[in-house]
Amino acid sequence: NLFRMAWRTCILLFRRCTTSPRQAIVLSGFPPHLVDCSVQVAGDSRDFVLVPDFITPEEEQSLMNDVGLSFRRLRYQYAHWDQAIEGYRETEKSQWQAPSQVVIDRLKQSAISAVDGKRLEALPGVHVLDLAKDGYIRPHVDSIKHCGDVIAGVSLLSPCVMKLQCEDDATKLIHALLLPRSLYIMRGEIRYKYTHAILSAEDSQFRGSVIPKERRVSLVCRTAPTN
């Protein structure tokens, strides 16, 4: 069973409970059973990172309680300004309840420390994206006007499949199974040279298995744009 294998055999890439918030969290690689690559991932082992169980079920519930307050009066939209998203609600959130703030700090620390040798700064707001069951994200590369070298996101509620594809060579494909409470990080060539998308419920498959996609919320932290 794909999900059972994912939960029981995931590779633990860092120690969440024993890491001080001020320590650098070194993250690299991904569990091979959750990522399907047509070619070897370009760049070093930290260009694409996937960490199962980055947060606990209790932390997920705390975050959803916070997010629910932000979305009380928002309806799902089906006409995004750049045509990248269908069936979504979104907001930028910088104020969190204390239990959630601990998770947000850990998310930002993970994103910032993903690149060595550069002084990075996380944007103050966290992009909260709520995809309806019929929602999806079309292939795109985040604009350098609004985002720096690193994009890091935590998935909540529902599993989904992320598709990454090289803009210069369409045969270079990566499919990643994003389980609830997992963390992904994109940097380097994956961030700048690969489009990323969240597949629709109709196309939600991973290695031949249908991945039931329901409502999915993501918390996305980005580093500030660089010159």
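A: We begin with a definition: helices (H or I, at least four residues) and strands (E, at least two) are DSSP runs, numbered from the N terminus. This is a predicted model, in which local features need pLDDT of at least 70 and side-chain atom pairs count only at pLDDT 80 or more, while totals for chains, interfaces and linings use all residues. Residues are numbered from 1 along each chain as its sequence is written, and side-chain values use heavy atoms, with hydrogens and water left out.

Q: How many helices and strands does the chain have?
A: The chain contains four helices and twelve strands.

Q: What share of the residues counts as buried?
A: A residue is buried under 20% relative accessible area, exposed over 50%, and partly exposed in between (1.4 Å probe, protein chains only). Here 50% of the 227 residues are buried. Strand S5 (residues 151–156) is mostly covered, with six of its six residues buried. Ile151, Gly153 and Ser155 point one way from S5, whereas Ala152, Val154 and Leu156 point the other way.

Q: Which strands pair with S5, and in what sense?
A: Two strands pair if DSSP finds at least two bridges between them. S5 pairs with strand S8 (residues 183–186) in the antiparallel sense over four bridges, and Ala152 stands opposite Ile185 in S8. Six bridges join S5 to strand S12 (residues 216–222), also antiparallel; there, Leu156 faces Val217.

Q: Is Gln165 buried or partly exposed?
A: Gln165 belongs to strand S6 (residues 160–166). Because its relative accessibility is 22%, Gln165 counts as partly exposed.

Q: Which residues does Gln165 touch?
A: Contact means heavy atoms within 4.5 Å. Leaving aside residues up to four places away in sequence, Gln165 touches Ala170, Lys172, Leu173, Lys193, Tyr194 and Thr195. With Ala170 there is also a polar contact (a pair of N or O atoms within 3.5 Å; within protein, one must be able to donate a hydrogen and the other to accept it, and residues adjacent in sequence count only if both atoms are side-chain atoms). The backbone oxygen of Ala170 lies 2.8 Å from a polar atom of the Gln165 side chain.

Q: Where does a charge sit over a ring?
A: The criterion is that NZ of Lys or CZ of Arg is within 6 Å of the ring centre and within 35 degrees of the ring normal. Lys93 lies over the face of Trp96, at 5.1 Å from the ring centre. Arg106 lies over the face of Phe54, at 5.1 Å from the ring centre.
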